[in-house]
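User: I'd like to learn how to read pockets, charges and backbone angles in a structure. Could you walk me through one?

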Amino acid sequence: MFLPAKEILSLQKLVIKNRNLDLDFGFDETYYDLAMALNSPTTKGKNPRGFVNSRKLLKDITGGVVSFDPKENRWFLKKDGHVFPIELASDGIKKIGILDTLLGNRFLTKSSVVFIDELESSLHPSAISRFLDIVYELSACGVQFIISSHSYFVVKKLYLLAQKNRQSIPIISLDGECRVEDLLDGIPEDNQIIAESIRLYEEEIDL
């Protein structure tokens, strides 16, 4: 499953209509696949413990729950006893709601592979850190994640997870050439994201 940088909850019906009724291929196929996966309702019942814990942590980040109301035929955010149309929620909340829904409707399993484009998009740095904690817990259940990022926060958090858990987390740097390294061995300083953060630090020291 591919989770794009742009949320699609508010576009879900349009993506499906565009493909199924209009027979127009204006959206990437991965958007259509995700829109269809979100069509399945969440279900109650036994779920892997790691999935259950992850859903609780996702709720802690947003402070509420994103869910689909079949009677209204639209998505809502339920928070602090109030119900808001999903259009009023931030893109970060929608992104977290998408992952929560895929866990709740059992679309994701222990053998799933999830691609996340620009994980940091629309998320506060603290939310990025907590979101990656959830990603790590799900990976411990068997879910494989492949993440693209331009964020120092993402790289640093993954490095800390690798060190804390003594777990190999490969990192691929694409900056003219392809280099594969392991965050368990340390942060690669020749990675452009890391190199720029070091340059800014050195610039500050020289002031």
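Analyst: Happy to. Let's start with the pocket: helix 5, strand 6 (144–148), helix 6 (152–165), strand 7 (170–174) and helix 7 each supply at least two residues of the lining of the largest pocket. Helices (H or I, at least four residues) and strands (E, at least two) are DSSP runs, numbered from the N terminus. This is a predicted model, so local features need pLDDT of at least 70 and side-chain atom pairs count only at pLDDT 80 or more, while totals for chains, interfaces and linings use all residues. Residues are numbered from 1 along each chain as its sequence is written, and side-chain values use heavy atoms, with hydrogens and water left out.

User: What sets a pocket apart from a cavity, and how is a volume defined?

Analyst: Both are found on a 1 Å grid over the protein atoms alone: a cavity is a set of points where a 1.4 Å probe fits but cannot get out, whereas a pocket is an open set with protein on both sides within 12 Å along at least five of seven lines. Lining residues have an atom within 4 Å of a point. Grid points are joined across faces, edges and corners, and the volume is the space filled by probe spheres set on the points. Here the largest pocket holds about 1,000 Å³ of space.

User: Which residues lie nearest the centre of the largest pocket, and how does its lining divide by class?

Analyst: I147, L158, P170, I171 and I172 lie nearest the centre, out of 29 lining residues. For the classes, Ala, Val, Leu, Ile, Met, Phe, Trp, Tyr, Cys and Pro count as nonpolar, Asp, Glu, Lys and Arg as charged, and the others, Gly among them, as polar. The lining of the largest pocket has 18 nonpolar, 10 polar and 1 charged residues.

User: How many cavities of 30 Å³ or more does the structure hold, and what lines the largest cavity?

Analyst: There are 2 cavities of 30 Å³ or more. The largest cavity contains about 60 Å³ of space, and its lining consists of L3, P4, K6, E7, L34, K95 and I98. That lining divides into 4 nonpolar, no polar and 3 charged residues.

User: E7 is in that lining. How do I read its charge pairing?

Analyst: The general idea is that side chains of opposite charge can pair when their charged atoms come close. A salt bridge is a side-chain nitrogen of Lys or Arg within 4 Å of a carboxyl oxygen of Asp or Glu. K94 forms a salt bridge with E7, with 3.5 Å between the closest N and O atoms. The pair links distant parts of the chain, 87 residues apart: K94 sits in helix 4 (residues 91–104), and E7 in the loop between strand 1 (2–3) and helix 1 (12–20).

User: Are K94 and E7 buried or exposed?

Analyst: Buried means under 20% relative accessible area, exposed over 50%, and partly exposed in between (1.4 Å probe, protein chains only). K94 is buried at 5%, and E7 is buried at 6%.

User: How many salt bridges does the whole structure have, and where can I see one within a helix?

Analyst: The search finds 9 salt bridges. One of them joins E196 and R199, whose closest N and O atoms are 2.8 Å apart. Because E196 and R199 are 3 residues apart in helix 7 (residues 192–205), about one helical turn separates them. E196 is partly exposed at 35%, and so is R199 at 39%.

User: What about a buried charge without a salt bridge, such as D182?

Analyst: For this reading, Lys and Arg count as positive and Asp and Glu as negative; His and the chain ends are not counted. D182 belongs to strand 8 (residues 178–182). The nearest side chain of opposite charge to D182 is R166, 9.0 Å away.

User: Which polar contact joins the side chain of D182 to another side chain?

Analyst: A polar contact is a pair of N or O atoms within 3.5 Å; within protein, one must be able to donate a hydrogen and the other to accept it, and residues adjacent in sequence count only if both atoms are side-chain atoms. The side chains of D182 and S168 are joined by a polar contact of 2.5 Å. A polar atom of the D182 side chain also lies 3.1 Å from the backbone nitrogen of I169.

User: Finally, where do I find a positive phi in a residue other than glycine?

Analyst: Look at E118, with phi near 55°. E118 lies in the loop between strand 5 (113–117) and helix 5, and is buried at 18% relative accessibility. D80 has a positive phi of about 55° too, in the loop between strand 3 and strand 4, but D80 is exposed at 63%.
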